[in-house]
Amino acid sequence: MHRICSIVFAGFFLTYIPLSVLAQKADKISISGHVKEVDSGEALIGVNVWVKELKSGAVTNTYGFYSLTLTADQYTLVYSFIGYEDVIKVIDLQENKTLNVELTAKDLKLKEVVVEAEKKDKNVSSVGMSTVHLKMEAIKKMPVLLGEVDIIKAIQLLPGVQTVGEGTSGFFVRGGAVDQNLILLDESPVYNAAHLLGFFSVFNSDAIKDVQLYKGGIPAEYGGRLSSVLDIHMKEGNNKRFSVKGGIGTIASRLTIEAPLFKERASFMLSARRTYADMFLKLSSNEQVRNTILYFYDLNAKFNYRIGKKDRIFLSAYFGRDVFKYFQNDTQNSEINLNWGNATGTLRWNHVFNHRLFSNTILTYSDYDYSLGQTGDINAFTWYSNIKNLTAKINFTYYINPENTLKFGICSAYHRFLPGTASGTDEGGIFNEVTLPNNNALEHAVYLSHEWTVTPQLSILAGLRYSLFQNIGKGQVFTFDENYTVVDTLLYKKGEIFNQYAGLEPRLNIKYAFNNQQSVKLSYNRTRQYLQLASNTRLSSPLDIWFPASPNVKPQLADQIALGYFHNLQEDTYELSVEAYYKKMSNQIDFRDHATLLLNERLEGELRFGQAKSYGIEFLARKQKGRWTGLLSYTLSRTERAIPEINDGNPYPASYDKTHDIAITTAYQLNKRWAIAANWVYGTGAAVTMPVGRMEYWGVVTPVYSARNAERMPSYHRLDVSATLKARKKWWKRIDSEWIFSVYNAYARKNTFSIHFFQEYEFSKATYAEKLYLFSVVPSVTWNVGF
């Protein structure tokens, strides 16, 4: 523990104290402030603050804060954000100054429809690449399954982001596995983002403010996962007026309340969602189906309070759970039940030390658990698993001048794993109690990054992250021989650090702009991952188990390099980009054939380790302004694994490898009331292992399987369409309402979910296959209202 404290405090003093002194003693003058939306008081992220005389500027951060350090003079500042009226301020800067600005949304004419709000040429001018910033206004325009707007389904339309098909909210980024994505909700990690076994995500669109996805060039402040970061922020709450928003859909209803408190110094947001799928089951003629309980709910809450001009606190929380109960007989005395859920909490303190130094202190909590059970007979049992995380971190941003910005910080996290405990619940039952040993771990990091505008054409973002992972007792570690047989068991007392891993994670982004419309970018990042998911299927499941690195499991490591060309046309109306990437991954985990993962205290003996690589090219074209908007993405990629004990050591495709992935989404504003939209997606079938022959011995037919993942499922493609009708404002002009009519899978494509093989014994003993598909045409209607 002394060593941990030394690292943490050394990182703090080496970064904070020198820069704090510089911030106080620098000769230049600074102007800083916050940019908000005039109607709601919400902080605006990514507003461009442009100094007209210098032809340079700054961009607001996640909390709407900006800072510029200039020499004493008169300047013209232009605050611009797509979808909002520009604000121009002429200032005489002779001393440090605070200037807060509020932007007003444009009174959009029919020809000025905008689907995103960010700097107009951000994809060309910013130094970052492989990054997509989505606003909820854009996501809500897309056709959706059963009327439920879904963030995860929206990002699956982006190049480099893939899914394995129907019925999953998991996603795979540039050859990374589903557990290699860091999903953050207000800085707190979310371990399972799925509702209803993957058909919907846990993110209620009415409670979400914006979404940022990093596929590469990941900033140094993020760590812990190999492939991507999905950073999601909840709304802060309207601090100007009381507002209510809600919706009634085919499968769920939502209600969101926002209001100011204490004369605009504070505000809150409260949002709830619940499905009622089990209400439709009551219509079944089958008694057991009528008695089945099936639903999920979400609750999002957020409160913020401005203590003074320099301090603001935020408190946010999320609670969500899925519940399934199936009664096995009409008397309802025997049931199968399954439930799982997430709980997260975040406490943040923003502090402005001075006009150049900004800090964000964060404490987060995350808890994911699931339980499975059966009651009513000798098979009665209950099974429970849980993972918890407690994280503390402090991030600093130091605005040296318009050409140089430093970010630095420290982070420390505690992980607690309860892999599983199961026991019989009937006195005469057949099950004994099984409890897997708990695991505990600490994870720490310190980072520093520097964004430097070398010339108007050349910008560099360089960062370095150092991470340290420690296994701590009370713990139990098995020692395996070369045949994965346990030869020894080591026990460690509570609080004892018995294993650790550490390493550097360099990050680099370089941008060269030919002009305001064209640029090329290069990025490199190294990432380390110390937590992983035990799952040997291509679909994520609520019963999958998280487990840490250990003496037997080395941390996963990835190196990715990417090169991109970005081009905007017709005053940034059209965006075109192409990115090529290569990713090499070490210490990758797969499972031996016929592995036992559930309630297996020797799980590490089922693991096999090796290398993986992924490479590809991504094309993106999108139009963001005008009556017609849309996006076209195409990914050509390959992901392979090579593990000595699997597939005779020969490379094989990952189960989520998809050679071709295409997505087209478009929206058209017919008039002031009617809008239509459509999505079309296509993807190569997932890689699977299938029987390719059979062997008969003494009348018993045994299938002969292909090499690992050598076969392919049929290709996946689907068309979704929707129409939105805005209601006329009659009796109260403040009320806005709309009807959304959508059709999922409009041409009734029977996309393959799984293929099962059966043996015909009665006549020919032939082997035949049966395909399972989940959806044909699925229509839905949703009514949204707000005031």
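Biologist: Which residues touch the most other members of the largest nonpolar core?

Modeller: A nonpolar core is a set of buried Ala, Val, Leu, Ile, Met, Phe, Trp, Tyr and Cys residues joined through side-chain atoms within 4.5 Å, where buried means under 20% relative accessible area with a 1.4 Å probe, protein chains only. Here the largest one has 46 residues, and Phe203, Ile208, Val211 and Leu230 touch the most other members. Helix α4 gives the largest share, four residues; helices are DSSP runs of H or I, at least four residues, and strands are runs of E, at least two, numbered from the N terminus. Keep in mind that this is a predicted model: local features need pLDDT of at least 70, side-chain atom pairs count only at pLDDT 80 or more, and totals for chains, interfaces and linings use all residues. Residues are numbered from 1 along each chain as its sequence is written, and side-chain values use heavy atoms, leaving out hydrogens and water.

Biologist: What does Ile208 touch?

Modeller: Contact means heavy atoms within 4.5 Å. Not counting residues up to four places away in sequence, Ile208 touches Met136, Ile151, Leu185, Phe203, Ile232, His233, Met234 and Lys235.

Biologist: How many residues line the largest cavity?

Modeller: On a 1 Å grid over the protein atoms alone, a cavity is a set of points where a 1.4 Å probe fits but cannot get out, and lining residues have an atom within 4 Å of a point. The largest cavity has 34 of them, with Lys153, Gln156, Leu157, Arg718 and Tyr744 nearest its centre. Strand β42 gives the most to that lining, four residues.

Terms used: Buried means under 20% relative accessible area, exposed over 50%, partly exposed in between (1.4 Å probe, protein chains only). On a 1 Å grid over the protein atoms alone, a cavity is a set of points where a 1.4 Å probe fits but cannot get out, and a pocket is an open set with protein on both sides within 12 Å along at least five of seven lines; lining residues have an atom within 4 Å of a point.
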